[in-house]
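The sequence and structure are shown below.

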Amino acid sequence: MTDFQTKIGSLELASPILNASGTFNPSVFSRLFSLKSHLGAIVTKTVTPNASSGNPQQRTVELPGIGMLNSIGLQGKGIIASMDIDIPQHYGCHDLPVILSISADSEVAFQRMTAYIEAHANRHYLQGLEVNVSCPNVHAGGALFGASPQWVAKAVHAVRQETTLPLWVKLTPNTTEVVAVAQASVDAGADALTAINTVLGSHIDIRRRKPSLAKVSGGYSGQGIKPIAIHHVLNIAKALPNTPIIGVGGIRRAEDVLEFLMAGATAVQVGTHCFSDPAVFVDLVQDLEAWCIAEGVHSLQELVGVALP
Amino acid sequence: MSIPSMRTEALLDEFAVRVVFNTSSPTGLFHLRLAFESGRFHQKHHHVQAGQFLMLDVQDANGFRFRRPYSLMSWNAETQEGDIIYKVVGEGSKALSHWQAGQKSVALSSLGNAFPTVAGQNPRHTILLAGGVGLAPLILWAEEGRQKGWQDDDMPTLVFGVRSQAEAQSLLPHLARLIPLDKLLLCSDDGSLGFHGHVVACLEDQTPEELDHFEHAFVCGPTPMMNACVKTAPQLLPNANVYVSLENHMPCGTRACFGCVVGQAHGGLPLKVCEAGPVFEASQLLWGEKGLDTVGFAGACDAFPVFDTTTSAEGGV
């Protein structure tokens, strides 16, 4: 039996395999297989301070062979209704740690939302926050929080000062300063870094002669972004050797998980592939186990960072 | 008139499926028969109710594709075989059209809600309005009725619109087995089969006496056809509750992605078709000029508590 346990800061997880935010419905997936036996924690869909109807249709585009584009636009009920209803009913009932993904459009909004979470969280299952900084900062002309080390630092600081919960920052690749943003996040109090969020992309519908997405551009995810994600994980692991990294981007097979671990990730998230194969978690666990037995690996953590140059 | 209730969702599993046959008609309408082998996680047998859908894995050597939502047109619980009709409209159905007998894949099933029962009422007061491959879930509903013992007199009326006779040819024997000929109204865009015109024009051709008794209308077909049915129903089917079965672009089918949403007529956040549907009361949805309104739902958040993010004052909300 291979040891799957991992540690992300103070948070101990039974498995390094998690889902990526916004790609996983625990209530439906748990009707197929036991979440507790196949995941280390559940990451929620990103919650915003207020209800949002999201973007107009068309919101998604399939990119055959490589992944997809999305511009869902964080549709959701807002933090109050989510904490009251969705989080306990859909996420908090699987005997797994829940990581609440949060986003906001200003530092003040981040701060107030975190204070609300701190006051209302059920600590029995809510065991961490993942800060989604791939959202426009209203005080920066709508540019992404995550594009600038200074803005990220302010957002992370605003969250950190309101909570003692473990804090992860989900980094965007849509900046030339990924490592600087990673460093700024850690300096502002982040316990771990999730790398990477979706890559900006667009697609033209040649039949209509128009962009396929109503919002023109969206986030590119799926197997085509894996090399980009691995690149960033390697760079961050090298620059910040003491900060746990949760690798995400294009994982669909056990070999992909191994790549991320060897690049320096202590855990991984599976996103887009959940859409085309909800049972992917069952196959990942089986195939990782088989690989480790064949290779004489007793603990997955033996592999973390072994490929770092 | 009581509003019939939607039936509850059947159990969910991932089924191994095998192609029994996959034939095309001269007009490009494909007829696929799948044998459902055992479920991967729980179930030996597959169950489905008319209106529900499955997510069929159509990935090939080219790698990633979303699964594709399909409704069964026919289901044989004994042989565990179900039929799908489809047209090649995109990458997924194109991949599907290359499948040969014996090909294996997987399908997540059954998902979504079903057409309402007409408990305590006679299904002969229900009219089915089908356009093209939208026929599938409606004709399964009629098939379920036959299995429950509905006689010719009990059967619903079916209006089935196609482009041309060739498109419907292979389906006619199946339809004729289920729906008595006096309740079967066929129409075609080119006039080669039945009434010359679309489904709504065919309804307009009937007398009010022939239509006034309908208490329920179930509609499934291309968006412009459903839109026309919904818009004209108050005049043509004045006593009918209208239900639509939507065929939205659906990336996951598992309530995870928020890619298939539709706006609500009376406000509130957009609804996931895979969760709240695919069968909806037509009046529940936000209809635009040409079909479902895809932009009008922006800002429909009034039902939720407001969280103050404008001040940095300490304390609650």
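Which are the buried residues of α8(A)?

## Helix α8 of chain A

In this predicted model, the buried residues of α8(A) are A:Ala254, A:Asp256, A:Val257, A:Leu258, A:Phe260, A:Leu261 and A:Ala263. Helix α8 (residues 254-263) of chain A is largely enclosed by the rest of the structure because seven of its ten residues are buried. The elements covering these buried residues include β10 (192-195), α7 (226-239), β15 (245-248), β16 (267-270) and α10 of chain A. Just after α8(A), a positive phi of about 120° is found at A:Gly264.

## Nonpolar cores

The largest nonpolar core comprises 126 residues. Those with the most contacts inside this core are A:Ile79, A:Leu100, A:Ile117, A:Phe281, B:Leu129, B:Leu237 and B:Val244. Helix α10 (residues 280-295) of chain A supplies the largest share of the core, seven residues. From chain B, domain 1 (14-111) and domain 2 (117-284) each contribute at least three residues.

A second, separate core has 51 residues, including B:Leu128, B:Leu140, B:Leu184 and B:Leu193.

## A:Val282 in helix α10

A:Val282 lies in helix α10 of chain A and counts as buried because its relative accessibility is 7%, with the cut-off for buried at under 20%. Apart from neighbours within four places in sequence, A:Val282 is in contact with A:Phe33, A:His38, B:Arg40 and B:Phe41. A:Val282 and A:Leu11 are separated by 271 residues in sequence and by 23 Å in space, C-alpha to C-alpha.

Terms used: Residues numbered from 1 in each chain as written. Chains lettered and ligands numbered in written order. Predicted model: local features only at pLDDT ≥ 70, side-chain atom pairs only at ≥ 80, totals over all residues. Heavy atoms only, no water. Core = buried A, V, L, I, M, F, W, Y, C linked by side-chain atoms within 4.5 Å. Buried < 20%, exposed > 50% of the residue type's maximum accessible area, 1.4 Å probe, protein only. Helix = DSSP H or I, 4+ residues; strand = E, 2+ residues; numbered from the N terminus. Domains from an automatic or database assignment. Contact = heavy atoms within 4.5 Å.
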